[in-house]
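Hello,

Here is the structure you are taking over. Please open it and keep it beside you while you read my notes.

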Amino acid sequence: MSWVLTTDAVPDRDRGPSWSDAVGRALVPVAVTPRDEPFDGGITTDALGCLRISRIESGAKRISRTPALIERSPQDLVAIGLQVSGTATLVQDGRRAELGSGDLAVYDMAQPFSLSCPQRFTTHVFQLPRHLLGVADSDIRQVTGVAIGTGHGFGAVLRPFLTTLADAAPSYPPAVGQRLAGHVVDLFATLIADRAGRDPDGAPDHLVQSVRAHIDRNLGEVSLSPESIARTHHISVRYLHRLFEGEGVTVGRLIQQRRLEACARELARRGRVTPTVSAVARRWGFVSPSHFSRAFRAAYGLSPREWRQVHTERGEGDRQGS
């Protein structure tokens with residue numbers, strides 16, 4: 001469902017503060033200085049998975065994301081702006097970009113910036129969490145405050161897709177929106193890596209490590225799956241599988257591998273009270289005892305009971321020899 005904010009019903013004297021609040025709610029807190037009297041504007045915002053899309057139309061104004069605002073409301077977000085009509089001047093990281101109709105620009109919401117629009121304008125802003133991009137902060141800083149033309153190259157491919165996505169966002173079912181958001185993450189990461197002169201196919205290692213840590217923390221959850229992991233990390237299942245293309249193991253296989261390792265450790269542990277094999281399997285997320293036994297034998301060459309017996313006998317031999 002779209003979230004719509006407009007100054008239409010706001011008294012003229014209150015429109016400036018009202019618009020500042022609207023922009024802060026749709027994007028991040030900013031200081032807004034209107035340049036038209038009376039000022040008017042409207043924002044329509046939709047969420048597609050991890051992606052927030054805002055379509056903004058307003059009169060002339062200046063927007064500032066100041067260090068004080070960043071300190072009060074830190075937002076680790078990156079945004080891509082598509083200038084639909086009018087012009088704008090973006091200043092960030094010591095660079096100044098003059099944006100015209102059709103140009104793209106990257107905004108780092110964790111760093112100060114200003115955006116000046118001398119006339120009425122329309123823009124689409126696409127926001128997503130920085131960590132999902134899987135690109136280095138240094139690469140992001142290389143492309144902020146730069147106008148990215150869409151007349152040729154990758155920008156020419158990206159512009160019509162983003163325009164259509166913004167216009168049709170309210171009509172997408174949640175499942176479709178989630179998948180589309182994953183594609184957008186891929187495209188934005190490619191755009192930034194391309195502009196920074198990096199390999200756009202490089203896997204975001206920190207996101208892979210985050211997924212691995214999530215798997216280890218949730219091995220006992222029967223619902224743990226590529227789908228649940230993708231939802232937790234606000235990415236598409238397709239993108240999740242792409243992350244692991246260079247890891248030598250699929251996500252599903254990694255889950256099973258880590259569960260089997262946990263079971264093997266517990267079955268080999270000696271103590272006065274030892275849980276049953278089926279109890280160990282259930283504790284680590286296996287639903288079917290027969291599936292667990294087959295998977296365990298395939299991994300270790302022994303059945304779970306044989307594995308336990310071998311380690312029990314080994315422990316007894318160690319005690320007798322001491």
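The side chains of Arg25 and Asp21 form a salt bridge, at 3.7 Å from N to O. A salt bridge here is a side-chain nitrogen of Lys or Arg within 4 Å of a carboxyl oxygen of Asp or Glu. Both residues sit in helix α1 (residues 15–26), four residues apart, about one turn of the helix. Helices are DSSP runs of H or I with at least four residues, and strands are runs of E with at least two, numbered from the N terminus.

This is a predicted model: local features need pLDDT of at least 70, side-chain atom pairs count only at pLDDT 80 or more, and totals for chains, interfaces and linings use all residues. Residues are numbered from 1 along each chain as its sequence is written, and side-chain values use heavy atoms, without hydrogens and water.

Back to the pair. Arg25 is partly exposed, at 42% relative accessible area. Asp21 is partly exposed too, at 43%. Buried means under 20% relative accessible area, exposed over 50%, and partly exposed in between (1.4 Å probe, protein chains only).

Next, Arg238 and Asp186 meet in a salt bridge at 2.7 Å, N to O. Arg238 lies in helix α9 (residues 237–243) and Asp186 in helix α6 (residues 174–195), so this pair ties together parts 52 residues apart in sequence. Arg238 is partly exposed, at 46%. Asp186 is buried, at 7%.

How many salt bridges does the structure hold? It holds 15.

Best wishes
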